[in-house]
Amino acid sequence: MALDAAEWLRTLWNVGYMGAGSFPAQPRSAFPLIELEDVLKSALFARIREGKRPLPFPPPTRQGLPWHDLVESREETHAVAAEIVRDGEEQASGAIIAGCSGWQIVEEVARDREYIVQHQGKGPLFRLNLEPTAASLCREPPRWTRRIGSRTLDRNQAPGDVRAGQVRAGRIVAK
């Protein structure tokens, strides 16, 4: 249990899990006072006790509790309560999803209907669909583009679209 508590403290210190992002920036000289009750009530500590590793970033929350299932499940669509926050120029500037306001708009696919969002600029991307009576959130497939020599390897693909590419000596030899 002592090792689990040490892992919990290390994660709070290094990652800023669950509101701990307000700890002073490095070099840090003092850690806030933490009671045993804080450790025992912590969802992060429960996760560590179950043998699961902490995420490398704070997870989004759902109604104030960590929402690990959203980040860890790949194909599930979640029904959510959501609203888009717009700035003074009516540009989408953020989203409140399941009571969590840390969502950033990455892309506005269809105004007032479909958005690509990310929690605090970290972790996977999600597609937020807003319908007149409901909203849904679904994880997006990974997107990445890699420059190798004078070629670009692009892996922005739809779910289930499996394409293999061999790269040898900076050249794409097969797709």
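A disulfide is defined here as a pair of cysteine sulfur atoms within 2.5 Å. By this criterion, the structure holds zero disulfides. The structure is a predicted model, in which local features need pLDDT of at least 70 and side-chain atom pairs count only at pLDDT 80 or more, whereas totals for chains, interfaces and linings use all residues. Residues are numbered from 1 along each chain as its sequence is written, and side-chain values use heavy atoms, with hydrogens and water left out.

C100 is buried, at a relative accessible area of 7%, whereas C138 is partly exposed, at 23%.

Strands are DSSP runs of E with at least two residues, numbered from the N terminus, and two of them pair if DSSP finds at least two bridges between them. Seven strands form an open, antiparallel sheet in the order β3-β9-β8-β7-β6-β5-β4. Its edges are β3 (77–80) and β4 (82–86), each of which pairs on one side only. On average, neighbouring strands of this sheet are turned by 35° against each other, direction ignored; axes are lines fitted to C-alpha atoms, and angles run from 0 to 180 degrees between N-to-C directions.

Charged side chains were considered next. Side chains of opposite charge can pair when their charged atoms come close. A salt bridge is counted when a side-chain nitrogen of Lys or Arg lies within 4 Å of a carboxyl oxygen of Asp or Glu. Seven salt bridges are found in a search of the whole structure. One of these, between E50 and K52, has an N to O distance of 3.6 Å. In this pair, E50 is exposed, with a relative accessible area of 55%, while K52 is partly exposed, at 42%.

Another salt bridge links R86 with E108, their closest N and O atoms being 3.2 Å apart. Because R86 lies in strand β4 and E108 in strand β6 (residues 100–110), this pair ties together parts that are 22 residues apart in sequence. E108 is partly exposed, at 29% relative accessibility. A further salt bridge joins D112 and R111, with the closest N and O atoms 4.0 Å apart. Both residues are partly exposed, D112 at 45% and R111 at 47%. R86, E108, R111 and D112 are linked in a network of salt bridges.

Technical notes: Helices (H or I, at least four residues) and strands (E, at least two) are DSSP runs, numbered from the N terminus. Buried means under 20% relative accessible area, exposed over 50%, partly exposed in between (1.4 Å probe, protein chains only).
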